[in-house]
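Me: I'd like to go through this one with you in a few quick questions. Can you put it up first?

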Amino acid sequence: MHFTTVDYVIFALLLVASTGIGLFHAFSGGRQRTTQEFLMADRSMSCLPVSLSLLATFQSAVAILGAPSEVYTFGTQYWFLGCSYFLGLLIPAHVFIPVFYRLRLSSAYEYLELRFNKTVRICGTVTFIFQMVIYMGVVLYAPALALNALTCGGAVLAMGLVCTVYTALGGLKAVIWTDVFQTVVMFAGQLAVIVVGASQAGGMAEVWRKAVNGSRISGLDLDPDPLQRHTFWTLGVGGVFLMLALYGVNQAQVQRYLSSRTEREAVMSCYVVFPCQQIVLCLGCLMGLVMFARYGENSPLDKGYVKTNDQMVLYFVMDVFQDLPGLAGLFVACLFSGALSTISSAFNSLATVTMEDLIKPQFPNMTEAKATLLSKGLALVYGLVCLAMAYLASIMGSVLQAAFSIFGMVGGPLLGLFCLGMFFPWANPTGAVVGLVAGLAMAFWIGIGSFVMRMSGPELNTTALPLFDNMTTLVNATTATPRPTGVEALYSLSYMWYSAHNSTTVVVVGLLVSLLTGPMKEKDLTPGTVFPVLGWLLFFLPERYREKLCCVTPLSTPPKVESHAQPYQMAKKDGNGAAYCKEDTDEDLETRMVLPSCQLAAHTLQETAL
């Protein structure tokens with residue numbers, strides 16, 4: 001089973017089209033001459049392209065390869081992850097987006113400086129860079145699996161270079177519009193596989209019958225044990241925290257929200273993503289069932305046709321399409337579209353946080369032309385780093401599990417850091433730094449500890465999550481074993497609880513340290529940086545008690561639609577904690593603080609001064 005000429009042509013067209021979109025945006029409009037256009041798409045994007053880009057960024061190649069393999073091996077229990085999408089997208093839409101959008105941010109980590117100080121901002125930025133560099137390796141590992149199966153070694157380099165070129169030339173606008181194109185290709189490739197595969201298996205009714213007979217249709221598992229790898233609670237509840245880490249505070253997603261024309265469009269993009277996420281999840285589950293209908297218990301992995309579970313999807317595609325030239329190329333184009341959309345988003349977001357959080361504060365007088373050129377150079381450098389990481393990702397095992405593990409281990413503490421600042425007004429900078437360090441230490445202790453325990457002996461319950469495990473090992477480890485206790489139980493925690501566990505650690509430790517070192521007071525807070533959730537929950541308390549708990553300051557009012565020609569500047573701290581805009585001068589600061597340009601209502605400032 002090999003690629004035909006038609007398959008190669010279709011695959012090449014994908015790369016050419018993606019490059020063409022990037023070149024078009026590089027030489028049209030403002031020609032990416034400013035950092036606002038290059039990094040933020042001039043804040044002119046509408047709802048639909050933003051929502052499709054949000055979908056493509058983290059669901060791409062990982063879902064295309066990982067979800068069918070998961071369903072083929074373990075059944076449809078994974079489908080209950082869709083229950084977490086509701087709160088996982090509703091909370092960002094009505095909590096995180098209003099705060100970020102009204103503060104006029106370019107980087108999500110600018111919020112941390114407004115809420116705490118510059119040290120917390122740098123800590124958050126460095127943690128995010130570490131997370132995304134590792135994740136990019138996992139994303140490129142997915143197409144590498146395809147290349148191992150298709151003996152097409154140069155395509156990873158071609159894909160990485162194409163992605164680097166259109167990201168470095170076309171900026172965020174090119175990334176978003178290529179995401180739209182690549183999302184369409186992804187849907188087309190998955191649908192082609194499901195339709196043709198189900199037809200060859202005798203229709204969807206026959207596929208369902210074989211799945212039921214093979215015990216691949218899972219019921220509602222309400223086992224509350226957090227050590228169980230997949231149950232309704234681990235997927236439906238633990239998945240909410242994973243989704244919040246992805247869609248609430250991750251720079252790649254926040255950057256898309258902030259590129260929207262209005263706050264309303266940014267919120268609507270979250271609502272549009274929800275049904276799209278459900279469709280992607282259902283397509284992945286259906287592909288896994290069709291695979292089972294074709295092979296049953298006689299897995300190509302057991303027969304030695306493939307080396308890992310994730311390669312089974314590619315083997316299945318080549319098997320189904322061996323007599324249909326062009327369709328295999330369409331699916332591989334679908335797979336590579338997913339990888340392209342994800343790593344291009346990573347390049348752009350990494351360039352943004354490096355520029356806005358690490359370089360600009362050190363060189364405040366840098367000209368716009370130099371800043372834009374440097375931003376493009378950063379995108380290029382991160383592209384080359386991504387190619388290097390692809391060769392290190394093979395030890396990560398299942399791409400689906402590896403991707404979720406990374407976001408649980410690193411994204412969880414970042415989620416906790418933002419929640420600490422946004423929901424708890426008395427949290428101070430010392431508590432934020434100590435909480436983040438504690439969360440990261442806990443995350444890597446559990447992750448590395450589970451790996452070491454698995455390697456040292458078979459007694460550990462590896463069905464929970466060995467971070468670098470292979471799915472075949474998981475299948476063989478499902479025999480009855482004694483329930484782990486003590487530290488072993490902690491190492492056996494399901495990977496779907498990683499984000500919840502680690503973010504909670506940050507919040508608890510951060511609050512304790514803040515109370516011990518002196519909690520922040522209402523007058524010290526930058527207006528608009530605290531979401532008044534405690535004020536809503538404690539509405540029954542007298543106002544004087546809520547004032548002591550810093551629960552009376554409302555969120556700032558929504559901004560008005562501004563002209564695209566006008567720079568969109570971020571609010572920043574004054575010495576007394578009040579916020580003003582970067583373009584404000586000392587002379588008119590007092591007057592402008594109550595104007596809509598800073599999105600601060602008069603009553604906000606009055607109550608903050610109490």
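Reply: First, a disulfide here is a pair of cysteine sulfur atoms within 2.5 Å. This is a predicted model, where local features need pLDDT of at least 70, side-chain atom pairs count only at pLDDT 80 or more, and totals for chains, interfaces and linings use all residues. Residues are numbered from 1 along each chain as its sequence is written, and side-chain values use heavy atoms, with hydrogens and water left out.

Me: How many disulfides does the structure hold?
Reply: Take Cys 285, which is buried (under 20% relative accessible area; exposed is over 50%, partly exposed in between; 1.4 Å probe, protein chains only), at 5%. The closest cysteine sulfur to the one in Cys 285 belongs to Cys 282, and at 6.5 Å that's too far for a bond. The count of disulfides for the structure is zero.

Me: Is Phe 27 buried or exposed?
Reply: Phe 27 sits in the loop between helix 1 (5-26) and helix 2 (35-40); helices are DSSP runs of H or I, at least four residues, numbered from the N terminus. Its relative accessible area is 58%, so Phe 27 counts as exposed.

Conventions
Helices (H or I, at least four residues) and strands (E, at least two) are DSSP runs, numbered from the N terminus.
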